[in-house]
Amino acid sequence: ASKADFGSGILYAGSYGMMGAAILAARGALRAGVGKLTVNSPKCGYQIMQSSVPEALFRHNRGEINIIDIHPERDFSAIAVGPGIGTNELTVKAVEDFLASINQPVILDADALNCISRRPSMLDYLPPRSILTPHAGEFDRIFGSHPTASTRLLKAIEAAAHYNVVIVLKGHYTQTVWPDGSVLVNSSGTEALATAGSGDVLTGLMAGLMAQKMPPEYAAVAAVYIHGLAGKIAAASNGIAGTTSEDIADALGPAIQSLTEQQQKR
């Protein structure tokens with residue numbers, strides 16, 4: 001095998017003061033086993049990314065401190081947008097133009113979702129089978145306030161079917177909603193995952209799996225489960241309070257390996 005056999009992914013991530021999100025997402029994708037990873041960030045992120053994640057290619061965006069255009073220069077197996085990109089008006093416009101032009105499933109997380117909440121009409125542009133990964137606050141900013149987790153889940157089921165997308169409702173028991181109405185409740189995880197940047201790692205992990213030709217529906221479920229397992233592995237070494245998102249990213253390899261070994265024993 002060569003790296004070309006394990007897909008190519010691109011992350012649109014980071015902005016001035018938020019380059020950590022891009023680093024963590026990139027580490028998540030690389031630890032997932034993606035063959036080649038490109039990170040597209042504002043020009044201000046060049047030295048940060050090249051020194052922090054040397055395994056990833058860096059492509060500078062036209063923006064100096066914010067992402068102002070999202071136009072993949074070639075075909076990628078997986079595209080993820082959102083970690084740390086902010087909600088600058090030019091960034092919101094870039095997300096809108098991107099969604100109106102892309103014709104493959106994409107992963108939308110964090111500030112990509114916040115950009116959509118600024119212009120809900122973008123929902124009509126979502127490519128079929130794309131993955132949205134909101135926590136409760138992000139979900140409610142897009143789809144309206146919900147008094148309970150149950151009403152939020154019902155709305156997610158409705159929205160996933162209407163827009164033909166996968167929605168990952170992040171929370172205590174993360175629920176992945178497929179367009180056909182299926183709801184898969186995650187059984188792994190630990191409170192150690194409740195740390196800054198944890199979601200960025202998950203986004204990268206998801207992109208890494210999709211890059212390796214895993215269908216979006218399965219990539220979403222598998223990434224959530226592996227992420228939870230990695231959190232437990234990281235907490236075993238660092239303690240629940242002492243676990244950081246870097247620790248979670250570093251534990252992704254052992255988490256995937258443990259699942260592979262279990263499968264081989266069967």
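Predicted model: local features only at pLDDT ≥ 70, side-chain atom pairs only at ≥ 80, totals over all residues.
Local features were considered at pLDDT of at least 70 and side-chain atom pairs at pLDDT 80 or more, whereas totals for chains, interfaces and linings use all residues. Residues are numbered from 1 along each chain as its sequence is written, and side-chain values use heavy atoms, without hydrogens and water.

Helices (H or I, at least four residues) and strands (E, at least two) are DSSP runs, numbered from the N terminus. The axes of helix H5 (residues 136-143) and helix H6 (residues 149-163) come within 12 Å and cross at roughly 60 degrees. Axes are lines fitted to C-alpha atoms, for helices over the stretch in contact, with angles from 0 to 180 degrees between N-to-C directions. H5 is therefore oblique to H6 (under 35 degrees is roughly parallel, over 145 roughly antiparallel, 65 to 115 roughly perpendicular, and the rest oblique). In contact (heavy atoms within 4.5 Å), Ala136, Phe139, Asp140 and Phe143 of H5 meet Arg152, Lys155, Ala156, Ala159 and Tyr163 of H6.

An open sheet of nine strands shows mixed pairing, in the order S3-S2-S1-S4-S5-S6-S7-S8-S9; strands pair if DSSP finds at least two bridges between them. Strands S3 (57-60) and S9 (183-185) form the edges, each pairing on one side only. S9 runs antiparallel to strand S8 (residues 175-177), joined by three bridges, and Val177 has Val183 in S9 as its bridge partner.

Asn66 lies in the loop between S3 and strand S4 (78-81). Asn66 counts as buried because its relative accessibility is 18% (buried is under 20% relative accessible area, exposed over 50%, partly exposed in between, with a 1.4 Å probe and protein chains only). Beyond neighbours within four places in sequence, Asn66 is in contact with Ser15, Pro42, Asn61, Ile85, Asn88 and Thr91.
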